[in-house]
Structures are given as C-alpha cells and as structure tokens.
Amino acid sequence: MKTICLIPGDGIGQEVIPAAAEVLQTLELGLTFVEAEAGFACFENHGSALPDESLDMARKSDAVLFGATSSPSTIVAGYRSPILTLRREFDLYANLRPVFSLPGPFSRPGIDLLIVRENTEGLYSGREHQEGDTAIAERVITRQGSERIVRTACEQAMLRAKQRGKPPMLTIVHKANVLKLTDGLFRECALKVAAEFPEIQVNESLVDSAAMKLVKSPESLDVLVTTNLFGDILSDEASALVGGLGVAPSANVGKGTPVFEPVHGSAPDIAGKGIANPVGALFSASMMLETLEFLQEAARVRKAVLDTLAGGLYTVDMGGKNTTEEFTKAVKERLQ
Ligand code: GGG
C-alpha cells in the first residue's frame, strides 16, 4: 500500500493537483492520499511556507505530488520557498524534466528529450549578500554534486536507449569558457563520469549554443545534463516547443521521498477560473507511478492524456477552449 502526499500549494496548484488525484483514484491501485499545506498562502496563515507537520507527512509518504508556489520576488522575513526546502531537506539532487512531442497543432513533431537539472546547488544555493550597491550571489558547484547528477543522467540515457532501441546520447551543457572554475569543475566531473559509460555518445555544448539548438534542431537531442539555473531556463524554453509550460512534467529524485510536480508556477492571473492546464500535473503523476513501479498504469495515464489531446481537447493556454474539469473528465473516461 503506497501513500501519496498531495501538496497543491498556491494558485493553480489548487486546481491541477486535485485533477491529478481524481485521475489516480480511477486506477483503483489502493493508493492512500494525505494532503499537506505549503506555499505563500500557508505562510500568511501559519507563519511557515512548509510547516513541520507538512514536512513530516511528506517524509513519511512514498511520494509527493506537488502543485505550485508563488514565492515573492522581494525578501519577506521568515519566508523560505517550500519547494526549495523539500529539495534540500530530502536531498533531491536530480530534477528530471522530459520534453516530448504531443499530438496537436501546438507541438512540433519528433521531439523526445530529457533535461537532467542539478537541483541542490549552483546559483540556487541561497548564498546571496549585499555590500552597499553591489549584490552578490555565490554559484556553488561541488565535485560530489556534479558527479552524482551526471551519473544519474548517464543512467537515464542508458535506460531510455533500452526503452527506445536507440543508441544513448548525452549532451553536457555548461559555460566553462567563461565560468572557468565553477563550470570548469562541472565539465571535468561530467567528462570523467560519462567515460564510465562507454556506450554513450557524449557531446558538450555551451549553454547559449544549447539554447539555440533547442529551437533549431531539438529532434537531434536526447539527454542533456546541466547545472541548476541553466536547467531551469532550458527546460522552460524546451516546453514551449511542445505546447508550453502547462504540459511540462518533472520529477525531483535523490535520497528522500521523491517529489513530482508540473514545471509551471502558480499562475495567479488564471487561478480560480477553472481553466488551468492539468496536463503537466497528469504527466507528473504518470512519472510518479513509474517510480513507484506501477509501470502499466503509468503508461495508461500517459496514453489517456495523449489520446485526449489527440481528440482535440485542450485548454486555453494551448489555443483550446476546454476547462480543467472537461479535460480531466475526458482522461478519466478513457481510464474507466
Ligand atoms: N511547480 C513548480 C513551481 O511552483 N514553479 C515555480 C517555482 O519554481 N517557484 C519557486 C518558488 O516559488 O519558490
């Protein structure tokens, strides 16, 4: 019996996570759902964006399905981003962000890639300070952090090659020509670890060139591995090729309870209108099922979403007119 901790969070997280939970319930897998609070609204109500009780519930669960948060862009005393806290508390050092073509006019064809983003260090280490009119952020890159993320990327490349019957390919994305120490270390570690996987065809790309390749020839890419901020930006860019942020799923994996979340944020402009796109949350739920080794059910959810899109249902962000509820109902019907 597996326990899933649902953390809808802020904004449209409150719409897409219940939608994903409804779809999961139709599978009758005997999953137990518990719900925990987190996010900016939670901070305003309880003085913490991730209360100890929520962290405990997440820790005791087999997986977390997380919605979105709205962290403020200015310093708010006592506020810490709940998703960054979860990633750090559970040492979820790998953020897996698959990007694949979808059936519909909103997506380019022939794309099937995976961005493996380092999730705990880099420019998101939280080491910022100000000296007068100069603000400084420290970009922390460690040997251990770099080696383990590249190992995960290589393992993913091998797995995908086996599943797809294609040779494994890895692109190491960095900016070592400018960031000679930090990305120099990342590059050195990446090349060393990748050499342990002689079957993998290894390329390297400067991050600006990788951003261009993503637009120009995304079909030529397989697994990309990179540092935290670069991975964040490249994965948002890549999602635009296949329908936008609303369809992008992700998995945060590492040592503790894995956390699955759509890549999108809380979208306050459309929150509460019933038009949020549940596709990213549904694909994230499918990734969660795969990690929990419900392989057939993971594939069924993914297929039900793809078939629903192919049937012409999609939300406004993708140029359609369906509501969250209509889309979710159609997916559930395909699973019943
Ligand atoms: N579902 C991912 C999400 O909420 N993305 C927005 C984001 O990364 N926010 C950072 C934060 O609010 O701390």
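This is a predicted model: local features need pLDDT of at least 70, side-chain atom pairs count only at pLDDT 80 or more; totals for chains, interfaces and linings use all residues.
**Entry 1: D10**

I started with D10. I found D10 in the loop that runs between β1 (3-9) and α1 (13-26). I then looked for a charged partner. D10 is buried but has no salt bridge. R87 carries the nearest side chain of opposite charge, and that is 13 Å away. Next I looked for a backbone partner. A polar atom of the D10 side chain lies 3.1 Å from the backbone nitrogen of A41. I also listed contacts, leaving aside neighbours within four places in sequence. D10 is in contact with G39, F40, A41, A68, T69, S70 and S266.

**Entry 2: E22**

I moved on to E22, in helix α1. Beyond residues up to four places away in sequence, E22 touches T328 and K332. The side chains of E22 and K332 are joined by a polar contact of 2.7 Å. T328 sits 306 residues from E22 along the chain, yet their C-alpha atoms are separated by 8.1 Å.

**Entry 3: the nonpolar cores**

The largest nonpolar core has 78 residues. L65, L170, V225 and L309 have the most contacts inside it. Helix α9 (residues 279-291) gives the most to this core, eight residues. Another core lies apart from it, with 14 residues, including I7, L50, L55 and F90.

Leaving out residues up to four places away in sequence, V225 touches V116, I149, V150, A153, L170, T171, I172, V173 and F186.

Conventions. Residues are numbered from 1 along each chain as its sequence is written. Side-chain values use heavy atoms; hydrogens and water are left out. Helices (H or I, at least four residues) and strands (E, at least two) are DSSP runs, numbered from the N terminus. Buried means under 20% relative accessible area, exposed over 50%, partly exposed in between (1.4 Å probe, protein chains only). Lys and Arg count as positive and Asp and Glu as negative; His and the chain ends are not counted. A salt bridge is a side-chain nitrogen of Lys or Arg within 4 Å of a carboxyl oxygen of Asp or Glu. A polar contact is a pair of N or O atoms within 3.5 Å; within protein, one must be able to donate a hydrogen and the other to accept it, and residues adjacent in sequence count only if both atoms are side-chain atoms. Contact means heavy atoms within 4.5 Å. A nonpolar core is a set of buried Ala, Val, Leu, Ile, Met, Phe, Trp, Tyr and Cys residues joined through side-chain atoms within 4.5 Å.
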